[in-house]
Amino acid sequence: MDEEKIQQQQPKAKDNFKKWEDPLFNDLRRIFSRAKLREVLTHGSFYEQEGKGNSRYVFAGMFVFKGQVADVLYRYATGEGTRLQHILGNLFRNERLERQFDEWQLRQFVRAGEKFDIKTHKHIFVYAIYGYVSTLDEDVRQWFISKYLIQDAEHLLSHKRRNRNLLAQADDIVKKTDGRRLTIEMEQTAEGLHKAKALLSDGTLLCEAVSKSWRYARQKAAKQALDILAMPSRRYILSNPEYQARVLARMEEEKAKRKAEIEARDAQKEEQRAIKKEQRKAEARARDAKRRKSQAEAKIRKAENARRAALKAAKEARPMSAKKRRYLEDKKK
């Protein structure tokens, strides 16, 4: 790109700062001057010249700043190392970076070549912002990380093991739906089985489950309650016991159908296994018959060879006749 074209583009880019006094950019003005923001948000394709552009800031954002955020998580976030790695990955996923690009309205400040697609590279410019922040004083950097990464990711940082509790999840859904609470009561049947009842706080029976195991009956009832409450029509289900009964019946019917399909599939697999087992037995019997036949033939050959050897030895052991002896003597002469 020649010098004249660059000069034509630069005044146009400078006009993009006409909204710089907008309160939206208060935080950007706190850490950036206009010249520095222009430098950070200028892609190398704008110059079409090696060594220019924001690539070093992008590198710093992708590695230096990410390491600084990882240090904050290591010091203040709870959970195992795998969990911290999961949080860090979510903080820097492309969708989140693109959303920040739009929220900060950086498009009006970005400079790039005509052939460069800014829309598909929004995250690059956010990484450049991060890279510049990584070079600032620790107080400013900690403020930026806290406001734009940590506070915006409270759902990732809230380490609640109760999320693994099916009953707690179902109870939370009921509470948010109509204010009631969900509990499980246990009782023993006449057959000696354990029955778990999922009851709402007003005494309404949501579902129940029976099992030989006390723990499994309770877990089964909680899972069934969660399946019901996960439906979009849960509000109607909770307010209409008849509809709830139909939903339970349909769920049981689907479970029975699924169980029948699994049993049929298992029976088919068992039949195929039996057929293969018989085939292997037949092949083994054929190999055994062939082996016995080979052994019998070898035994016959061995006996025949032994008979021939005996005949030859007997022939060689017989005394020589006088006629043959005179023949051999004459032959030597």
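Me: Which residues of α6 meet α7?

Reply: Asn94, Leu97, Glu98, Gln100, Phe101 and Asp102 of α6 meet Lys122, His123, Phe125, Val126, Tyr127 and Tyr130 of α7. Contact here means heavy atoms within 4.5 Å. Helices (H or I, at least four residues) and strands (E, at least two) are DSSP runs numbered from the N terminus. The model is a predicted one, in which local features need pLDDT of at least 70 and side-chain atom pairs count only at pLDDT 80 or more, while totals for chains, interfaces and linings use all residues. Residues are numbered from 1 along each chain as its sequence is written, and side-chain values use heavy atoms, with hydrogens and water left out.

Me: How many residues of the contact of α6 with α7 are nonpolar, polar and charged?

Reply: The contact of α6 with α7 has 6 nonpolar, 3 polar and 3 charged residues. Nonpolar covers Ala, Val, Leu, Ile, Met, Phe, Trp, Tyr, Cys and Pro; charged covers Asp, Glu, Lys and Arg; the others, Gly among them, count as polar.

Me: At what angle do the axes of α6 and α7 cross?

Reply: Two packed helices are described by the angle between their axes and the distance between the axes. Axes are lines fitted to C-alpha atoms, for helices over the stretch in contact, and angles run from 0 to 180 degrees between N-to-C directions. The axes of α6 (residues 94-103) and α7 come within 8 Å and cross at roughly 80°. α6 is therefore roughly perpendicular to α7. Angles of 65 to 115 degrees count as roughly perpendicular, those under 35 as roughly parallel, those over 145 as roughly antiparallel, and the rest as oblique.

Me: How do α4 and α7 cross?

Reply: The axes of α4 (residues 55-76) and α7 (residues 122-133) come within 6 Å, crossing at roughly 65°. These two helices, α4 and α7, are therefore roughly perpendicular to each other. Their crossing is left-handed, a term used if the near helix is turned anticlockwise from the far one by less than a right angle, with clockwise giving right-handed. From α4, Tyr57, Val58, Ala60, Gly61, Met62, Phe65 and Lys66 meet Ile124, Tyr127, Ala128, Tyr130, Gly131, Tyr132 and Val133 of α7. By class, the contact of α4 with α7 has 11 nonpolar, 2 polar and 1 charged residues.

Me: At what angle do α7 and α8 pack?

Reply: α7 and α8 (residues 138-150) pack at about 150°, with their axes 10 Å apart. Ile129, Tyr130 and Val133 of α7 and Arg141, Phe144 and Leu149 of α8 make the contact. Here 5 residues are nonpolar, none is polar and 1 is charged.

Me: What is the order of the strands in the sheet?

Reply: Strands of a sheet pair through backbone hydrogen bonds, either parallel or antiparallel. The open sheet has 3 strands in the order β1-β2-β3, with antiparallel pairing. β1 (182-188) and β3 (205-211) stand at the edges with a single partner strand each, so one side of each has no neighbour in the sheet. From one strand to the next, the twist averages 20°. Strands count as paired if DSSP finds at least two bridges between them; 7 bridges join β1 to β2 (residues 194-200). Helix α10 (residues 166-178) packs on the sheet and touches β1 and β2, its direction making about 130° with that of β1.

Me: Which residue of β2 is the bridge partner of Thr183?

Reply: Leu199 in β2 is the bridge partner of Thr183, and Glu187 stands opposite Lys195. The hairpin of β1 and β2 has 5 residues between the strands, and Gly192 in the turn has a positive phi of about 90°. β2 and β3 pair antiparallel over 6 bridges.
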